[in-house]
Amino acid sequence: MSKRQMIIGMHLGNGYGSQPGAWRMPGTDPRSYASFDAKVRQAQAAERGKLQFLFLPDGPSQMVDIEEEAPNFNLDVMLTLAAVARETSRIGLIATGSTTFNEPYNLARQFKALDVMSHGRAGWNAVTSSGEDVAANYGQRIPPSAHRYGRAHEMIQLVQALWGSWGREAWLHNHNTGQFAKADQIAPINMGGKYVASRGPLYIPPSEQGQPVIVHAGGSPNAHDLAGPYASAAIGASFTIEDARAQRAAFREAAERAGRDPDEIKYFPGLMTTIARDRRSALDRRIAMTERLFPQRVAYLQRMLGIRLDPDRLDAPLSDKQLNAAHPSPRDPRSAQALKIAREGWSLRDVLAHGVIDYHPVIAGPAIEAADHMQEWFKAGAADGFWISPDIYEDGIDAFVDGVIPVLQERGLFHHDYEGITLRDHLGAPTQYGLDPRISG
Ligand SMILES: Cc1cc2nc3c(=O)[nH]c(=O)nc-3n(C[C@H](O)[C@H](O)[C@H](O)COP(=O)(O)O)c2cc1C
């Protein structure tokens with residue numbers, strides 16, 4: 001029986017890294033936001049580590065203080081992946097595409113073309129959009145939840161039907177007979193629902209993996225219900241091992257409810273990394289990047305711990321009186337970890353530098369700490385793998401690949417090389433072409 005091993009993906013965002021201020025760090029070219037060469041270099045670094053996929057979130061809106069910060073996302077996720085596809089050969093390419101503000105035909109065409117271009121490495125992170133700033137860019141408002149998720153289900157089914165509308169064996173391209181394709185195997189789908197419709201067919205032949213893999217990023221009950229019938233991977237955000245275990249179980253149960261084998265859906269919580277020689281160097285690196293934001297983060301940390309904190313006393317640890325009065329806020333799942341770090345006696349500045357207010361658990365320290373975290377969660381059934389968000393891409397991906405990956409490999413937790421060529425191979429996702437007959441009935 002083969003041993004279960006982790007699947008690891010790498011976040012590929014704005015060209016700089018997942019920490020605010022990454023764009024100004026030494027060694028980072030401040031023009032990387034607009035540099036497809038930088039994205040290609042970063043993707044190649046992840047592929048050198050044999051990582052199974054890249055994950056490009058997207059939500060087309062500026063959403064940051066542009067005066068001082070870079071936008072969070074790629075210029076265009078599909079164009080970035082097209083560039084990356086040409087300069088890599090194995091790593092999977094997953095991008096977000098909104099089910100709220102796209103038509104099925106557009107998305108079906110772009111993702112399947114990427115799948116063909118990359119020889120079967122594309123994945124579509126099908127999410128509903130939830131930000132009014134994004135909606136405004138499409139001249140719309142965010143529709144109610146039932147509408148967004150109703151449309152999302154229809155979108156995925158239509159897109160998959162379009163992907164399957166060019167028959168697997170339809171393309172003959174026979175020079176001698178002059179028959180290009182079997183017209184009777186390339187058929188319209190004539191599908192329509194309450195929200196979207198398409199006639200088809202989509203004029204794109206199958207890729208090496210047939211069609212792109214469906215992924216869903218989220219964690220709400222809506223997310224479980226949307227991912228359950230279709231997704232091969234769920235990309236999540238869990239701050240505790242208990243939450244990750246519950247999320248993984250919820251996605252697996254949703255897949256089972258839809259008539260699928262729960263092993264067909266993998267759960268990947270996020271992990272943010274600052275890999276350095278020791279804790280002190282990692283904290284200093286994070287302070288150099290993000291200290292500008294500490295005054296506002298002190299204000300937030302006060303609410304997480306339920307005590308008053310003084311932003312002018314960043315050098316001092318929390319007093320005994322403060323620590324005794326502190327109680328983690330039940331409204332923020334990061335609060336217990338924040339209090340744990342504060343109780344270790346770190347200065348307020350260092351508590352914040354530990355990333356206690358980041359989007360995912362943070363490892364700031366030597367590579368072995370990241371490997372230990374990943375092993376613990378993986379062994380506890382809290383994850384099938386992880387998606388990694390390095391603080392600075394330029395050297396943070398290399399630090400992960402050269403530091404963490406060998407430890408995981410030595411422990412038998414991560415593969416030494418790609419076993420297959422497609423994203424479906426990397427995820428252990430079953431063959432599918434067109435709609436899944438178990439779902440479409
Ligand atoms: C880890 C993670 C990654 C996400 N990535 C994206 C993204 O790239 N683009 C996007 O529009 N929404 C993204 N989302 C948001 C979700 O898809 C969803 O819209 C949001 O969690 C609201 O869910 P709800 O509508 O069920 O409340 C992400 C969510 C999580 C947890």
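At what angle do helix 2 and helix 3 pack, and how far apart are their axes?

Modeller: First, a caution: this is a predicted model, where local features need pLDDT of at least 70 and side-chain atom pairs count only at pLDDT 80 or more, while totals for chains, interfaces and linings use all residues. Residues are numbered from 1 along each chain as its sequence is written.

Now your pair. Helix 2 (residues 77-87) and helix 3 (residues 104-117) pack at about 10 degrees, and their axes are 10 Å apart. Axes here are lines fitted to C-alpha atoms, for helices over the stretch in contact, with angles from 0 to 180 degrees between N-to-C directions. Helices (H or I, at least four residues) and strands (E, at least two) are DSSP runs, numbered from the N terminus. That angle makes helix 2 roughly parallel to helix 3; under 35 degrees counts as roughly parallel, over 145 as roughly antiparallel, 65 to 115 as roughly perpendicular and the rest as oblique.

Who touches whom? Met78, Leu81, Ala82 and Ala85 of helix 2 meet Gln110, Leu114 and Met117 of helix 3, where contact means C-beta atoms, placed from the backbone, within 7 Å. Sorted by class, that makes six nonpolar residues, one polar and no charged. (Ala, Val, Leu, Ile, Met, Phe, Trp, Tyr, Cys and Pro count as nonpolar, Asp, Glu, Lys and Arg as charged, and the others, Gly among them, as polar.)

Next, look at helix 14. Helix 1 (residues 36-48) packs on helix 14 at about 5 degrees, with the axes 9 Å apart, so helix 1 and helix 14 are roughly parallel to each other. Here Gln42, Ala45, Ala46 and Arg48 from helix 1 meet Tyr393, Ile397, Asp398 and Val401 from helix 14. This contact divides into five nonpolar, one polar and two charged residues.

Helix 14 (residues 393-410) also packs with helix 13 (residues 367-379), at about 45 degrees and with axes 8 Å apart, and that makes helix 13 oblique to helix 14. On the helix 13 side, the contact uses Ala367, Ile368, Ala370, Ala371 and Met374, while helix 14 brings Gly403, Val404, Val407 and Leu408. In classes, that is eight nonpolar, one polar and no charged residues.

Back to helix 1: the loop between helix 1 and strand 2 (53-56) holds Lys50. Lys50 isn't a glycine, yet its phi is positive, about 65 degrees. Another backbone detail is the cis peptide bond joining Gly200 and Pro201, with omega about 0 degrees. Pro201 lies in the loop between strand 6 (197-198) and strand 7 (213-217). Why point these out? Because most residues other than glycine have a negative phi, and most peptide bonds are trans.

Then there's the ligand, with 20 residues around it, the closest being Pro57, Thr96, Val127, Ala217 and Ser220; a residue is near if its C-beta atom, placed from the backbone, lies within 6 Å. Strand 3 (92-98), helix 6 (221-230) and strand 8 (233-236) each give two or more residues to this shell. The shell divides into six nonpolar, 13 polar and one charged.

Finally, zoom out. The chain is assigned domain 1 (7-276 + 366-440) and domain 2 (279-353), with bounds from an automatic or database domain assignment. Their C-alpha centres lie 34 Å apart. Eleven residues of domain 1 are in contact with eleven of domain 2.

Key: Two residues are in contact if their C-beta atoms, placed from the backbone, lie within 7 Å.
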